[in-house]
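Good morning, everyone. Please look at the structure on the screen while I talk.

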Amino acid sequence: TFEGTDNVKGNYVLPSNATRSYAIEKYAIKVTILSASSEYGDPIAQLKVKEGAETVFECDRVGGEFWWTNVFTLSTNAVQGSVVGNYTIEGTATSGAGANYAITFTNEAGNSTVAQYRVEKRMLIVSVDGFEVVYGESVDNGSIKLLYARKNGDGTAFYNDETDSVVNKSGIGFAYDYTACQTNAGTRVGVTVSGLSADNYAFDYTDNEYATSDAADGGFTVIKRTVSVENSFIERLTGLTYNAKDRWSEITKDDLGAFGLADGESIGDQLRFVYAFTYNGKEFLYNAASNPIKNAGTYVVKVTLSAESSNYVLDKAYELTFEIAKKALTVTVDGIKTDEPQQDISIVYGNALTNDTIIDDYLRYDGFVPGEDELSTGIRSGITVSHDYVSAKEGRTDAGSRLAVTLTVPSAINYEITPVDGYISVQKRLIQLSADGKQYCGYYNGAYGTYGGEINRMIALVSGLMDDDKLAEEISFSYHYAGTAN
């Protein structure tokens, strides 16, 4: 049609078929789809394209990295949870702005209209759950528990509700440097794991190297072995009575017994005990030669382990109390000091009898341990006796008297003393007499006389009368005829 001044003079006319078509062709672009991947169980990764020389017009772009989404979209047939494998990424023009473009989709290699989407195995870091092994015990691989953690990304090690049951452990291997009785307590031993496999999981052992800075994971710690003191040893501490010997040497002559030692190890070698003593509440420095444990009293021994026993620990604190009882000792006033029944001290009328004499000569001791006596133990110095016997003229005890002797014996450190009192029996004194007799027909007569006359009484004291006694006061004589008159 004519418009405006196109045909102002009216000299022209348009043909009846002057209408012609005008076509706006689609703008041709080439879009390179980038390959993408994600680990098993992760959300699908963002799908992207490579921006080349051919691009969409500015008016059709949207802001941001994904400027092309108003013109075309990308999709994959992989979904979250798809098993490990290869999938495709396709491009599709939108029904809006996309209708103005003739889009050729290609992969990075230029040999396909679709790109690859790869679901990779979920990478897990494998380590050993830290555990403890008692010194001397073997390590059973069955006791080793594995820990799994994501190496890349967040979330749990296993996807969804899966567990390590999906892991094939038939080829699992453990490596560690450990020998039961050669690896000391306190040592931390690393465990290296290998040989795991799974359809949708891969395993990384590179972070499994053991380091002492690790909290606990990656291996195990050798801990001290617990031992206990044998009851038989404790029983040896009972029923002790003083015997002048070192009782601790007797008690420990077969070593202190203990339960729980590692195989092949013994007391005195790998396990040594340390003892600290108190005696009657005071610290006691024991020495078998110079300061033995022998005196009666109460002892407490604290049993610990030496520094050389670093692989062991006692199951509890041992503070054992034991007694050494005093030995029974009987001190008896005895006139004969034999095993016969006790007898009185026999003293002749007028003879002196001092307390020291009684103590030294008339005490019998029953119960001393071999090698000890009243002198070596100091008991003698404290003994006293009391009685009423008198040998002096004034108040002199008459023959026939029986007097009690009371014995007092002080306490002794190692003996429980029982004093047994006794008696003094005063015996008559023997005197010797002579007569002025004559010998006749081979016979000696103590007195003589003349037939029909008086008997000649010529009696004389020879010996035996106490110095301050008088014969006439102590003795009277009578005579009678006891023969034939010749």
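First, the ground rules. This is a predicted model, where local features need pLDDT of at least 70, side-chain atom pairs count only at pLDDT 80 or more, and totals for chains, interfaces and linings use all residues. Residues are numbered from 1 along each chain as its sequence is written, and side-chain values use heavy atoms, with hydrogens and water left out.

Let's start with the rings. A pair of aromatic rings is described by the distance of the centres and the angle of the planes. Rings of Phe, Tyr and Trp (its six-membered ring) pair if their centres lie within 6.5 Å; planes under 30 degrees apart count as stacked, over 60 as edge-to-face and the rest as tilted. How many aromatic pairs does a search of the whole structure find? The search finds 27.

Take Tyr27 and Phe57. Their pair is tilted, with 4.6 Å centre to centre and 50° between the planes. The pair links distant parts of the chain, 30 residues apart. Tyr27 is in strand 1 (residues 27-33), while Phe57 is in the loop between strand 3 (49-50) and strand 4 (72-76). Helices (H or I, at least four residues) and strands (E, at least two) are DSSP runs, numbered from the N terminus.

Are these two residues buried or exposed? Buried means under 20% relative accessible area, exposed over 50%, and partly exposed in between (1.4 Å probe, protein chains only). Tyr27 counts as partly exposed because its relative accessibility is 35%. Phe57 is at 42%, so Phe57 also counts as partly exposed.

Next, Tyr176 and Phe220. Their ring centres are 5.7 Å apart and their planes are at 85°, so this pair is edge-to-face. Tyr176 lies in the loop between strand 11 (173-175) and strand 12 (188-190), and Phe220 lies in strand 15 (residues 219-223), so the pair ties together parts that are 44 residues apart in sequence. Tyr176 is partly exposed, at 26% relative accessibility. Phe220 is at 1%, so Phe220 counts as buried.

Rings can also join into a cluster. Here, ring pairs link Trp248, Tyr275, Phe277, Tyr279, Phe284, Tyr286, Tyr299 and Phe322.

Now charges over rings. A charge sits over a ring if NZ of Lys or CZ of Arg is within 6 Å of the ring centre and within 35 degrees of the ring normal. The charged end of Arg61 sits over the ring of Trp67, 4.4 Å from the ring centre. The charged end of Arg402 sits over the ring of Tyr423, 3.8 Å from the ring centre.

On to cysteines. A disulfide is a covalent bond between the sulfur atoms of two cysteines. The search takes a pair of cysteine sulfur atoms within 2.5 Å as a disulfide. How many disulfides does it find? It finds 0. Cys59 counts as exposed, at 68% relative accessibility. Cys181 is partly exposed, at 28%.

Next, backbone angles. Most residues other than glycine have a negative phi. Asn160 has a positive phi, near 55°. Asn160 lies in the loop between strand 10 (146-150) and strand 11, and Asn160 is exposed, with a relative accessible area of 58%. Ala244 has a positive phi too, near 70°. Ala244 lies in the loop between strand 17 (240-241) and helix 2 (247-251). At 26% relative accessibility, Ala244 is partly exposed.

Ala307 is in the loop between strand 21 (297-305) and strand 22 (312-314). Ala307 is exposed, at 71% relative accessibility. Its C-alpha is 9.3 Å from that of Val274, 33 residues apart along the chain.

Ile44 sits in the loop between strand 2 (36-39) and strand 3. Ile44 is partly exposed, at 30%. Ile44 and Val119 are 75 residues apart in sequence, yet 8.9 Å apart in space, C-alpha to C-alpha.

Ser197 lies in the loop between strand 13 (192-194) and strand 14 (201-204). Ser197 and Val167 are 30 residues apart along the chain, with C-alpha atoms separated by 5.9 Å.

Last, a pocket. A pocket is an open set of points on a 1 Å grid over the protein atoms alone, where a 1.4 Å probe fits, with protein on both sides within 12 Å along at least five of seven lines; lining residues have an atom within 4 Å of a point. Residues lining the second largest pocket include Tyr349, Asp398, Lys428, Arg429 and Glu474.
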